[in-house]
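Thanks, everyone. I have one structure to go through today, and I will keep to the fold of one chain and its contact with the other. Please have a look at it first.

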Amino acid sequence: MKQIEIREEADILKIRSEAKEMAQEIGFGLVDQTRIATAVSELARNVFTYAGEGEVRIESDCRPRKGIKITFIDRGPGIEDVELALTDGYSTTRSMGKGLPGAKRLMDRMEIHTHSGKGTKVTVEKWLPE
Amino acid sequence: MAQTSAIPILKLREFLIVSIQVDLHDKMAEQLQHDILKRISETSAKGVLVDISALETVDSFIGRTLAETARMAGILDAELVIVGMPPSVASTFVELGLSMGGVRTAINLDEGYDMLEAYIEGQISHKKISQTEGEEEVGDEADRD
């Protein structure tokens, strides 16, 4: 498992390349590696934009499936309305509102735990084709 | 000295050529946008080729910044063509729910260059036609006088 802190924009690059590297080691093809790296980029940016800082865990264990699991944890303001946040085009900042819904589409599973004022934990998984 | 994105912007005749060989974070993308627009205004470039063949990911921020840059370049009368997006990046980009919204793209530098030349030739002949039309109008008025 790799654990990386998000404190500045350059950390997003680090996380993106670590995730891609692990995806490659696990055996994902180039398109899936790109999907994973892109989703990770969106979610890491969310942490940086909304919470200022946080941490990311990248692991090659998402039992019972084979694949990659990435967890984003922050102590930011939380997501007020998760359903709304998962709507294409919805954004509370200047962004296009593609981050969360886009990342969900690129991955196979997404789980969001959020508490207003306490923080957010987003877990995504991508499974190897059987 | 003002900070730059450290991504070289080359001038080749009336065009600018930018090849992004490093992974971009958000501030770098914004800086690059700024640098490209500045160079357009300094050089009066008519076209810009932005090669992204080395980019491993184009997420919503980079995608938006590139599309914005293209529109801004258009306002400065320079046509911007995004060149060489890898297929895996293109498919992921669409799955993410993004589009390049009217931005010109080409498969490689050669195609992008041809596209710019054709565009500029079209613009010149268009200008010539409207100039000729203008002259005729003046001529008509002169006849009336």
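In what order do the 5 strands of the open sheet in chain B run? The order is β1-β2-β3-β4-β5, with mixed pairing. Before I go on, note that this is a predicted model.

At the edges of the sheet sit β1, residues 9-12, and β5, residues 104-106, of chain B, and each of them pairs on one side only. On average, neighbouring strands are turned by 25 degrees against each other, if direction is ignored.

β5(B) pairs with β4(B), residues 79-83, in the parallel sense, over 3 bridges. If you want a place to look, find B:I82, whose bridge partner in β5(B) is B:T105.

Now the helices. α1(B) lies across β1, β2 and β3 of chain B, and runs at about 160 degrees to β2(B). α2(B) lies across β3 and β4 of chain B, at about 155 degrees to β4(B).

That brings me to the contact between the chains. Chain A puts 25 residues into the contact and chain B puts in 18. On the chain B side, three helices supply at least two residues each: α1 (26-43), α2 (60-75) and α3 (87-95). So which element gives the largest share of that side? α3(B) does, with 5 residues.

Methods. Residues numbered from 1 in each chain as written. Chains lettered and ligands numbered in written order. Predicted model: local features only at pLDDT ≥ 70, side-chain atom pairs only at ≥ 80, totals over all residues. Contact = placed C-beta atoms within 7 Å. Helix = DSSP H or I, 4+ residues; strand = E, 2+ residues; numbered from the N terminus. Pairing = 2+ DSSP bridges. Axes fitted to C-alpha atoms, helices over the stretch in contact; angles between N-to-C directions.
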